[in-house]
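Please look over the sequence and the model shown here before reading the report.

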Amino acid sequence: MHIKSIRPFLGAKDFNTSCAFYRDLGFEEVVLPPKMALFKMGDFGFYLQDAYVKDWVDNTMVFLEVENVQQHLDHIKSLQLPEKYAGVRVSELVHQQWGSEFFVHDPSGILWHIGSFKK
């Protein structure tokens, strides 16, 4: 079997705000009617829905593996997203036994783990 992609479905408390947030993060938006968009970067992507169920969104986490976690943190901090979007938070880098990561909460509260594994 050869898997070509996996694309989770994420909810949005305010769809337009979340769309702007993900565009600012550098994702390309592909509008998919009705009330949905594909956000992609290269071969990777996820679907954002104009749907909000608090328990679902509050418990959604996504892990994004990157080559250079410090470089990604520096870039995301340079975007000043917490100043632009209510509820957005960007943590400091955390070193774990398995690797390093930092956390980003999107405008709806979805928790992104952005990290890299030790080699």
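## A residue of helix 1

Leaving aside its neighbours within four places in sequence, Ser18 is in contact with Ala12, Leu48, Pro107 and Ser108, where contact means heavy atoms within 4.5 Å. Ser18 is found in helix 1, residues 15-25, and counts as buried at 1% relative accessibility. Buried means under 20% relative accessible area, exposed means over 50%, and partly exposed lies in between, with a 1.4 Å probe and protein chains only. Helices (H or I, at least four residues) and strands (E, at least two) are DSSP runs, numbered from the N terminus.

This is a predicted model, in which local features need pLDDT of at least 70 and side-chain atom pairs count only at pLDDT 80 or more, while totals for chains, interfaces and linings use all residues. Residues are numbered from 1 along each chain as its sequence is written, and side-chain values use heavy atoms, with hydrogens and water left out.

Four strands form an open sheet in the order 1-4-3-2, with mixed pairing; two strands pair if DSSP finds at least two bridges between them. The edge strands are strand 1 (9-10) and strand 2 (28-32), each of which pairs on one side only.

Strand 2 pairs with strand 3 (residues 36-41) in the antiparallel sense, over five bridges. Met36 in strand 3 is the bridge partner of Leu32.

## Strand 9 and its partners

Strand 9 is largely enclosed by the rest of the structure, because six of its seven residues are buried. Strand 5 (residues 61-65) pairs with strand 9 in the parallel sense over five bridges, and Glu65 stands opposite Gly115 in strand 9.

Strand 8 (residues 99-105) runs antiparallel to strand 9 and is joined to it by seven bridges, with Trp112 in strand 9 as the bridge partner of Val104. The hairpin of strand 8 and strand 9 has five residues between the strands, and in this hairpin Gly109 takes a positive phi near 110°.

## Aromatic rings

A pair of aromatic rings is described by the distance of the centres and the angle of the planes. A search of the whole structure finds 14 aromatic pairs. The rings of Phe27 and Trp112 have their centres 6.3 Å apart and their planes at 45°, so this pair is tilted. The pair links distant parts of the chain, with Phe27 in the loop between helix 1 and strand 2 and Trp112 in strand 9 (residues 111-117), 85 residues apart. Both Phe27 and Trp112 are buried.

Phe46 is buried, as is Trp112. Ring pairs link Phe21, Tyr22, Phe27, Phe39, Phe46, Tyr85 and Trp112 into a cluster. Rings of Phe, Tyr and Trp (its six-membered ring) pair if their centres lie within 6.5 Å, and planes under 30 degrees apart count as stacked, over 60 as edge-to-face and the rest as tilted.

## A nonpolar patch

Phe9, Val53 and Trp56 make a nonpolar surface patch of about 270 Å². Patches are made of residues with over 30% relative accessible area and no salt bridge, with like charges joined within 9 Å and nonpolar side chains (Val, Leu, Ile, Met, Phe, Trp, Tyr) within 5 Å; a salt bridge is a side-chain nitrogen of Lys or Arg within 4 Å of a carboxyl oxygen of Asp or Glu. Val53 is found in the loop between strand 4 (44-49) and helix 2 (54-58), and is partly exposed, with a relative accessible area of 49%.

Methods:
Accessible areas come from the Shrake-Rupley method with a 1.4 Å probe; for residues, only the protein chains shown count as cover.
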